[in-house]
Amino acid sequence: MPSITYSSTRGCETQKNMSFRDVVMSGLAHDRGLFVPDSVPTLTMEEIESWRSLSYADLAVEVMAKFVDEDQVPRKKLKDIVKRSCASFRHKDVTPVVEKGGHYILELFHGPTFAFKDVALQMLGNFFEYFLETGSNGGRLAVLGATSGDTGSAAIYGLRGKKGVDCVILFPYGRVSEIQERQMTTVPDSNIHCVAVEGTFDDCQDIVKESFANKEFREKVKLGAVNSINWCRVLAQTTYYFWSYLRVTDENKDVRTVNYSVPTGNFGDILAGYYSKRMGLPVGKLIVATNENDILHRFFSKGEYHRYDIAETISPSMDICVSSNFERYLYHLAGDDPTTLASWMEAFEATGKITLTGKKLEEARKDFLSARADTALTLQTIKEYYEKYDYMLCPHSAVGVSAIQQLGEVNKATVCLATAHDAKFPDACKRAVDPLPTPPPQLSKLFSMKTRSSKCPNDASVVQAFVEKSIEERIAKESAAGSRNLQRKKTLLSVGVVAAIAMVVFQFTKRR
């Protein structure tokens, strides 16, 4: 059976029926659309039940193989990619499920950078490596990503030292936590480039999109994406919905469907839950949990997807006023009609507004519920869970928990996604819990490490010039280093030959 193919949400004729390899390497479609699967594979409950005893890695292989068959990645190689990616996690279950406060929490922070982004970006880095080794892009890739905090470090840890890959991460200057910034800027690998942009996360994201739309630049540097616009990230995240469903129903035989509350910024994490449900996983309610930057809550409650200025909050990874991945859901809401979707997005890009009413809004509400937690509610939730259950929530995870409290969904059939470790946000958490628990040593040591980064204005042309220059300088340094190593090897070889000849002469003379 051939692998699932993909097309642009906006209907570009040259971006239809694309292979998994091509959409992973491309990231964003050339018409600024996002790639969506041309069909979604469906599973029977019998098949889902047959996966109950699998390890997380083996389950991930089964889920991903529904989209990625032998014609794209041989099964043996898929297993290798997944198992190497999971091996970087500190917990044997990769994403363990724990019960707290009368509901479940899916802990997604056991990877190298203590955030849920590790689940997908460890895999994406290994897929990039495999595709480059087997002929894609002539073995070269320049990844340009934007981060509101966690994507950057997770991408960097997934791509550091990868042959043929340059990774340039844009982050909003002064708008990520100190630990988030240090996780990025302390990585010394020469293929990693961190750039502080004078603007917001949305400005960084706009620079990435504009760069993908620039054909000359895109082709010159072999541009690729690590943000959740890259389909591979969404696909990789579907596994933990299946995993958590199986773990919850292990303990609760009477639970038929499982609800998920997801702290939501760019809509990629909860979108993985939506696709899992479409595949046949018994998902009940998908709850979009937002902070004060509540464009998604306003959409699901009033039908208004209206862009406002970003408010700076204590949950910075959700400080987003345009959710890139939401376009994928809007495409499906439009009946998989790229013409309708393109007209909606054109209107949004011109006015900053999409307004839906009637049947379309009713349909959206069947798929998703939503709630908003401001700073006061977030801090109250962090304090409550530490005092009552001796459990620390990060500010983002607390937004998800607050959402189920507001909606009356605190029960054994509900899972809240814990998207990051609390120790990444000490300044925020200390407002609710003081003193704080001892942070993991992997995070504490960041403060004694050297940092390096660059600063750029909010200008796509300046950033693009920086990308080109960084690649040229890295290649020149590596080429010079390679020449020195070659000369050193030649010298050593010459010395060895001379020594061997001298030994032969010595032995010959001795015999005489």
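This is a predicted model: local features need pLDDT of at least 70, side-chain atom pairs count only at pLDDT 80 or more; totals for chains, interfaces and linings use all residues.
1. Leaving out residues up to four places away in sequence, Q183 touches T113, F114, S153, Y157, K424, L443 and L446. Q183 sits in helix α7, which runs over residues 178-185. Buried or exposed, then, for Q183? Buried: the relative accessible area of Q183 is 2%, and the cut-off for that label is under 20%.

2. Next, have a look at α12, residues 295-302. Six of the eight residues of this helix are buried, so α12 is largely enclosed by the rest of the structure. The buried ones are I295, L296, H297, R298, F299 and F300; note that H297 and R298 are on that list along with F299 and F300. What covers them? The cover over the buried residues of α12 includes the strands β10 (283-290), β11 (304-306) and β13 (368-372), plus the helices α13 (326-333) and α15 (358-367). Just after α12 comes G303, with a positive phi of about 80°.

3. N17 has a phi of about 55°; N17 is in the loop between β1 (6-8) and α1 (20-26). With a relative accessible area of 55%, N17 counts as exposed, because the label applies over 50%. The other is K222, where phi is near 60°. K222 lies in the loop between α9 (215-221) and β8 (223-224), and at 30% relative accessibility K222 is partly exposed.

4. Then there's a cis peptide bond. Which residues does it join? It runs from D434 to P435, with omega near 5°. P435 is in the loop between α18 (426-429) and α19 (441-444).

5. The side chain of K383 makes a polar contact with the side chain of E387, at 2.8 Å. Which residues does K383 contact once neighbours within four places in sequence are left aside? They are A432 and V433. K430 is 47 residues from K383 in sequence, yet the two C-alpha atoms are 9.6 Å apart in space.

6. Now the overall picture. The protein chain has 20 helices and 15 strands. Its radius of gyration is 25 Å, close to the 24 Å that the globule rule gives for 512 residues, so the chain is as compact as a globular protein of that length. Along the principal axes, the C-alpha atoms fill a box of roughly 100 × 55 × 50 Å.

7. Taking contacts with a separation of 6 or more, 77% of them are between residues 24 or more positions apart. Q183 gives a local example, with T113 and L446 among the residues it touches.

8. Last, the surface and the charges. The chain exposes about 20800 Å², and carbon and sulfur atoms supply 51% of that area.

Technical notes:
Residues are numbered from 1 along each chain as its sequence is written. Side-chain values use heavy atoms; hydrogens and water are left out. Helices (H or I, at least four residues) and strands (E, at least two) are DSSP runs, numbered from the N terminus. The radius of gyration is taken over C-alpha atoms; the globule rule is 2.2 Å times the number of residues to the power 0.38. Contact means heavy atoms within 4.5 Å. Accessible areas come from the Shrake-Rupley method with a 1.4 Å probe; for residues, only the protein chains shown count as cover. A polar contact is a pair of N or O atoms within 3.5 Å; within protein, one must be able to donate a hydrogen and the other to accept it, and residues adjacent in sequence count only if both atoms are side-chain atoms. Buried means under 20% relative accessible area, exposed over 50%, partly exposed in between (1.4 Å probe, protein chains only).
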